[in-house]
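Me: Please take a close look at one part of this model: the side chains that pair through charges and rings. Which partners meet, and where do they lie?

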Amino acid sequence: MIIKSIAPCRISLFGGGTDLPEFSSRYGGFCLNMAINIRQEFKLNTDKENDFPNGFIATIANHSGLVGQIEQSFDGIITGGIGSSAAAAVALVGMANKYRNLGMGLGEIAEMAWKVEVDKLGLYGGKQDQYCAAFGGINGMEFRENRVDVVPMSCEFADKLRPSLVLFHLGFNRKDPKIQEGFKKLSQSQIFYLSEIKKLVIEVAPHIGDGDIEAVGKLLHKSWDLKKKSNKGVGNEVFEAVYKKAQNLGAWGGKICGAGGGGYCIFMIDPNKRQGLIDNLGIKWVDFDISWDGLDTRIL
């Protein structure tokens with residue numbers, strides 16, 4: 001039997017960090033994110049002996065009860081800040097769900113993927129990546145203790161937002177894999193900044209609904225400023241220089257994706273100035289679109 005399983009990566013637009021358990025369990029987290037068409041893809045051949053590409057995949061496969069040869073395909077960059085590990089974990093847990101006929105829903109798959117990443121692999125982080133990979137699309141997500149509510153955004157909502165978003169890669173990935181561990185014990189200042197970041201998720205929605213994308217971009221700038229204050233290591237001098245250049249080219253706001261430190265970054269700009277930003281920013285432009293399909297697993 002051959003099983004194919006695919007899950008998308010994501011761009012976290014607003015609220016990143018508030019989904020971390022130390023914050024969300026006490027104060028509630030709120031994120032706005034979008035799944036993108038950079039995807040993790042796996043094929044399992046159950047008629048062959050166990051053969052897993054690497055230790056990460058082997059750990060999840062063994063924990064999930066997968067047996068056979070696994071092949072991986074990914075057209076993005078690992079540790080780039082777009083949730084590639086979560087997409088891989090969701091795809092593999094979804095594969096196990098199909099293989100073992102477990103009858104798990106998307107939320108249950110996302111939870112199991114998060115748990116195996118944290119408990120078995122020691123990858124500290126929040127849950128938005130796994131839920132975005134499982135559900136796909138653009139979603140508002142509310143995180144509370146032992147509960148996650150996913151609220152899908154409409155295509156009309158996406159149509160207003162998408163033309164202004166431009167994705168790049170800085171040319172290097174983050175060097176410190178444990179940047180987010182600075183949130184394990186929250187200081188009072190971190191609680192304040194994360195609370196302010198969460199407020200922006202609520203503030204931004206009406207602007208998108210009204211089509212005021214410039215206001216959204218300016219709030220993205222504000223969110224990035226708060227993110228840098230909430231945890232050291234998120235930004236760096238290289239990105240600050242890129243950011244300043246992007247602003248000179250007309251960008252309203254931007255951020256490094258994910259935990260920060262390197263990898264992918266995104267900017268918001270007037271669609272009429274979009275090509276100028278791509279041509280002149282001086283770093284690699286990455287073509288992408290929204291992935292409306294989340295986890296997709298089937299027997300071939």
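Reply: Start with Arg-162, which is buried at a relative accessible area of 13%. Buried means under 20% relative accessible area, exposed means over 50%, and partly exposed lies in between (1.4 Å probe, protein chains only). The model is predicted, so local features need pLDDT of at least 70, side-chain atom pairs count only at pLDDT 80 or more, and totals for chains, interfaces and linings use all residues. Residues are numbered from 1 along each chain as its sequence is written, and side-chain values use heavy atoms, with hydrogens and water left out.

Arg-162 has two partners to look at. A salt bridge here is a side-chain nitrogen of Lys or Arg within 4 Å of a carboxyl oxygen of Asp or Glu. Arg-162 sits in the loop between helix H6 (155-161) and strand E6 (165-169), while Asp-289 sits in the loop between strand E9 (284-286) and strand E10 (296-299), so this pair ties together parts 127 residues apart in sequence. Helices (H or I, at least four residues) and strands (E, at least two) are DSSP runs, numbered from the N terminus. Asp-289 is partly exposed, at 38% relative accessibility.

Arg-162 lies over the face of Phe-288, 4.0 Å from the ring centre. The test asks for NZ of Lys or CZ of Arg within 6 Å of the ring centre and within 35 degrees of the ring normal. Lys-127 also passes: its charged end sits over the ring of Trp-114, at 4.6 Å from the centre.

Now the remaining charges. The whole structure holds 13 salt bridges. Asp-149 takes part with two arginines. Its side chain meets Arg-144 at 2.5 Å, N to O. It also meets Arg-147, at 3.1 Å, N to O. Arg-144 is partly exposed, with a relative accessible area of 35%. Arg-147 is partly exposed too, at 45%.

Next, ring against ring. There are 8 aromatic pairs in the structure. Rings of Phe, Tyr and Trp (its six-membered ring) pair if their centres lie within 6.5 Å; planes under 30 degrees apart are stacked, over 60 edge-to-face, and the rest tilted. Phe-239 and Phe-267 are stacked, because their ring centres are 6.0 Å apart and their planes stand at 25°. Phe-239 belongs to helix H9 (residues 237-248) and Phe-267 to strand E8 (residues 264-268), so the pair links parts 28 residues apart in sequence. Phe-239 is buried, at 0% relative accessibility. Phe-267 is buried as well, with a relative accessible area of 0%.

Phe-267 has a further ring partner, Tyr-243. Their centres are 5.7 Å apart and their planes stand at 65°, so this pair is edge-to-face. Tyr-243 lies in helix H9 and Phe-267 in strand E8, so the two ties span parts 24 residues apart in sequence in this case. Tyr-243 counts as buried, at 4% relative accessibility. Phe-239, Tyr-243 and Phe-267 belong to one aromatic cluster, together with Phe-168 and Trp-224.
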